[in-house]
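Open the model in your viewer and keep the selection panel at hand. This tour goes stop by stop: what to select, then what is there.

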Amino acid sequence: MIITEQKDINEIYELIKPYNKILIAGCDGCCQPPRSLNEAKVLGQLLELKARTEGKKLQWKAITVLRQCDDRIAATTCRPYVEDYEAILTLACGLGVVMMNKVLDNIMTFPAQNSQFGGVQNSGENFYIEYCEACGDCIIGETGGICPRAGCAKHLSNGPCGGMVDGMCEVGGYTIPCAWVEIWKRLKKFNRLDLFKKYRGPRDFRGSTSPGYKPIYKEYTNEEEKKEEEKE
Amino acid sequence: MAKRPAFSNLCKAIESGKFVITGELEPKKILDLSEILHGAEEMKKTGKIVAANVTDGPQGDAYMSSLVPSYMVQEKVGLEAVWQVTVRDRNRVALFGDVIAGAVLGLKNILVLTGDHTALGDHKRGRPVYDIDSTQFCEMLSIMIDKGTDYEGNEIVGGKIEMNFGCVANPNSNPREPEILKVGRKVEQGIDFIQTQTAFDIDEAKDFLKDLEQFNVPVLLGIFPLKSYGIAWYFDNYIPGVSVPKDLLKALKKAEKDNKGDKKGKYAALDKINIEFFEPFIKEIKKSTKAAGIHCMAVEYERLFGPLLKDY
């Protein structure tokens, strides 16, 4: 899921300040913590109050979309409202904001969230944690299923560093476990310290160069086959 | 891999079997290098210090780059520099560029460090780089020095890089095994020496040095003489993994309190405490371990070197 954090209310207000009628769209997709209809309503009420303090009357409507990053769902859900409103404020992650701007190209969509990372919540724990940063060059087969790129503040391929104290990381005030100590513990448990000792060479960043682009379907043409036939 | 020749005075001294002492200089937010050069001169005057480390943005703070002060210390004072380079602020392209620039300036030693995270420093909003990690930087340096190419195999023209390089190890590391295994990876990548983070606990330090013996690489154990109670307190609280013995902290506090207003008396009392603690410490390390020497991080505390090192 995509972990997000709501922007400061003043920042959101500045974004929508030029408009008097806005549509506030929650997202029922993977956005966490939940940013759905209720959250959209609460945000609308806050913005209305904020506008009132400035002597302005803000009209708003809250809706929610099943998944804003899906172009068809985003378009069919929002199109009926577009004509009645001047701008859209969305509670989705960055993917949702971009997709809404793309499919609803007669109206501007603004973000109410800062997207932070792709993460998970372990049951019973009151925090989200980043386990994978989609780097395009997966090495967790060698690190006991724990990713040092997502889990280590310095993204080290050969850790731990000198900032580890009693198994905890210097970044975040020694509250987050050092990924490399966790890797060491796990590999030791399975008697696979050979993997820990292994030197890992420099990372190839070509796999994670922005913007990410990957064709979904490979087009099939029989031209190459024809050429080979001609050769024969 | 064949052993790399000793290019630097530091490595030559280690090879000769001498018990080696290195010092440390810390260029901060300065435009004037006179204090750094003065410190280097004081170190040189003692005649005991082979080389001085020049730090590269310690604790993640934005300080003067270590390249120029390293060069100036060598050029103006004639004391060899151990040029500290972290992988925090430069990607592999910039690191390569800096290393060949350093080689042209006649620098002979590099100390490879990961570098404290920017989140700890005075530019907390900054983006740290960590394109390659310190172990990979060791590999890159081995390739540059031994093969005469860059990391991707493109030839460096116009001569050979004559440098030695080392890495750091942390005697305070807990758990210790991953730290030792990590040092092992760096040894595989061709380091010439190890300088350690500061140690205060003699038994722990001896134990750590014993663990490092398997690698057969010269180790300089780090010590940190405490110039004032304030620095000791800061060190105890803010430097990852280092704790200053409580008795030492108390003694320093008392010395400062007893000599309030009397600068000379205070200095004498502080020096006495440091000498009483570190003199037997160094002796014990020399006597009962295979350490190649001591890395004495007496930053801006050069006056201690004379009395502390009188027997070396």
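**Stop 1: confidence in chain A**

Colour chain A by pLDDT. Among its elements, helix α8 of chain A (residues 223–231) has the lowest mean, 75. Strand β5 of chain A (residues 108–111) has the highest, 98. This is a predicted model. Chain A averages a pLDDT of 92, and 97% of its residues score at least 70. Keep one caution in mind: where pLDDT is low, the predicted coordinates should not be read in detail.

**Stop 2: the domains of chain A**

Select residues 2–117 of chain A; that is domain 1. Then select residues 131–200, which form domain 2. The C-alpha centres of domain 1 and domain 2 of chain A lie 38 Å apart.

**Stop 3: a strand pair in chain A**

Pick strand β2 of chain A, residues 21–27. Is this strand mostly covered or mostly open? It is mostly covered: six of its seven residues are buried.

**Stop 4: two backbone details in chain A**

Go to A:Pro160, in the loop between α5 (148–151) and β8 (164–165) of chain A. The peptide bond leading from A:Gly159 to A:Pro160 is cis, with omega near 0°.

Move on to A:Asp166. This residue sits in the loop between β8 and β9 (168–169) of chain A. Its phi is positive, about 50°, although A:Asp166 is not a glycine. Is A:Asp166 buried or partly exposed? It counts as partly exposed, because it has 13 C-beta neighbours inside 10 Å, and 20 or more would be needed for buried.

**Stop 5: the barrel of chain B**

Switch to chain B and show the strands. Eight of them close into a barrel, in the order β1-β2-β3-β4-β5-β6-β7-β8, with parallel pairing. On average, neighbouring strands of this sheet are turned by 30° against each other, direction ignored.

Look at two of the pairs. β2(B) and β3(B) pair in the parallel sense over four bridges. Here B:Ala51 stands opposite B:Glu80 in β3(B). Strand β4 of chain B (residues 109–113) and strand β5 of chain B (residues 164–169) also pair in the parallel sense, over four bridges. There, B:Leu111 faces B:Gly166 in β5(B).

**Stop 6: helices across the strands**

Select helix α3 of chain B, residues 67–77. This helix lies across β1 (20–25), β2 (49–54) and β3 (80–86) of chain B, and runs at about 175° to β3(B). Then take helix α5 of chain B, residues 134–147. Helix α5(B) lies across β4 and β5 of chain B, at about 150° to β4(B).

**Stop 7: inside β3(B)**

Zoom in on β3(B). Seven of its seven residues are buried. Both faces are covered: B:Glu80, B:Val82, B:Gln84 and B:Thr86 lie on one side, with B:Ala81, B:Trp83 and B:Val85 on the other.

Stay with B:Val85, which belongs to this strand. Why does B:Val85 count as buried? Because 27 other C-beta atoms lie within 10 Å, and the cut-off for buried is 20 or more. Leaving aside neighbours within four places in sequence, the contacts of B:Val85 include B:Asp56, B:Leu95, B:Ile110 and B:Val112. B:Val85 and B:Phe137 are 52 residues apart in sequence, and 9.7 Å apart in space, C-alpha to C-alpha.

**Stop 8: two loops of chain B**

Find B:Gln59, in the loop between β2 and α3 of chain B. B:Gln59 is not a glycine, yet its phi is positive, about 55°. This residue is partly exposed, with 17 other C-beta atoms within 10 Å.

Next comes B:Pro175, in the loop between β5 and α6 of chain B. A cis peptide bond joins B:Asn174 to B:Pro175, with omega about 0°.

**Stop 9: where the chains meet**

Finally, show both chains together. How many residues does each chain bring to the contact? Chain B brings 30 and chain A brings 25. On the side of chain B, the elements giving two or more residues are α5 and α6 (177–188). α6(B) gives the most, with eight residues. Colour this side of chain B by residue type: eleven residues are nonpolar, eleven polar and eight charged.

Key: Residues numbered from 1 in each chain as written. Chains lettered and ligands numbered in written order. Predicted model: local features only at pLDDT ≥ 70, side-chain atom pairs only at ≥ 80, totals over all residues. Pairing = 2+ DSSP bridges. Axes fitted to C-alpha atoms, helices over the stretch in contact; angles between N-to-C directions. Contact = placed C-beta atoms within 7 Å. Nonpolar A, V, L, I, M, F, W, Y, C, P; charged D, E, K, R; others polar. Buried ≥ 20, exposed ≤ 12 C-beta atoms within 10 Å, placed from the backbone. pLDDT = per-residue confidence, 0-100. Domains from an automatic or database assignment.
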